[in-house]
Amino acid sequence: MVAAPREHEGEDEAAAAEEQVSAFLAGDEAAAAAVYRRWGALVLALARRALGDEREAEDVAQQVFLAAWSGRHRYRADRGVLAAWLVGIARHVIADALAERARRAELVAAAGSLPAAELPHAGAVPGPEQALDRMLVVRELRRLPPVQLEVLGLAFYRDLTQVEIAERTGLPLGTVKSHTRRGLRTLRELLEPTAPEGAAGE
């Protein structure tokens, strides 16, 4: 007599989970939030283990669920449960994140090897001051957030337009523009010389 309620409870949970998935696929935002609460920790753990960086892992987890939400019409229950589908998306997004990390490393290396005259705002005639400028720019570039570094690197060192950067990275054009703006502002602030004490009052 005790086993029957437990069996019914299990059936109820399965039915509720199936209903949740159906609501998610139908575009119910509350169901999407519930799916994230249920499987977010799993996706985050996968990303954290693969990337070894908490912030990148959190970004990847968000991208996975955004991709699942926008591509929910492609889910087929007969090919596997929702959790397996989410894990498949996570693997693709993690692979993309690792590829982007490799590209960023290439950009930093390329920045370090460029002649001073090819760097932004560098003088036309190479010399000791331009070489110093190059080292300063490369050093400060490395301090930018990864996404801003990638956007600026693609713009300056690959000569891509913002539209081309958006296509290559998969970022919305507005996001590329805002990262470019913030990255340039941060880089300018980092490179600006500190005014000597008392200069402001002169």
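Read along the sequence, the protein chain follows the pattern α-α-α-α-α-α-α-α, with 8 helices and 0 strands (DSSP runs numbered from the N terminus, helices being H or I of at least four residues and strands E of at least two). The model is predicted, so that local features need pLDDT of at least 70 and side-chain atom pairs count only at pLDDT 80 or more, while totals for chains, interfaces and linings use all residues. Residues are numbered from 1 along each chain as its sequence is written, and side-chain values use heavy atoms, without hydrogens and water.

Of the 202 residues in the protein chain, 30% count as buried (under 20% relative accessible area, 1.4 Å probe, protein chains only). The accessible surface comes to about 13,000 Å² (Shrake-Rupley method, 1.4 Å probe), and carbon and sulfur atoms contribute 55% of this area. Among contacts (heavy atoms within 4.5 Å) with a separation of 6 or more, 57% are between residues 24 or more positions apart.

The largest pocket has a volume of about 760 Å³. A pocket is an open set of points on a 1 Å grid over the protein atoms alone where a 1.4 Å probe fits, with protein on both sides within 12 Å along at least five of seven lines; lining residues have an atom within 4 Å of a point. The volume is the space filled by probe spheres set on the points, which are joined across faces, edges and corners. Of the 26 lining residues, D59, Q63, E100, V147 and L171 are the closest to the pocket centre. Two or more lining residues come from each of helix 3 (54-70), helix 4 (82-113), helix 6 (146-156) and helix 7 (162-169); helix 3 gives the most, with 8 residues. The lining comprises 11 nonpolar, 6 polar and 9 charged residues (nonpolar: Ala, Val, Leu, Ile, Met, Phe, Trp, Tyr, Cys and Pro; charged: Asp, Glu, Lys and Arg; polar: the others, Gly among them).

Terms used
Buried means under 20% relative accessible area, exposed over 50%, partly exposed in between (1.4 Å probe, protein chains only).
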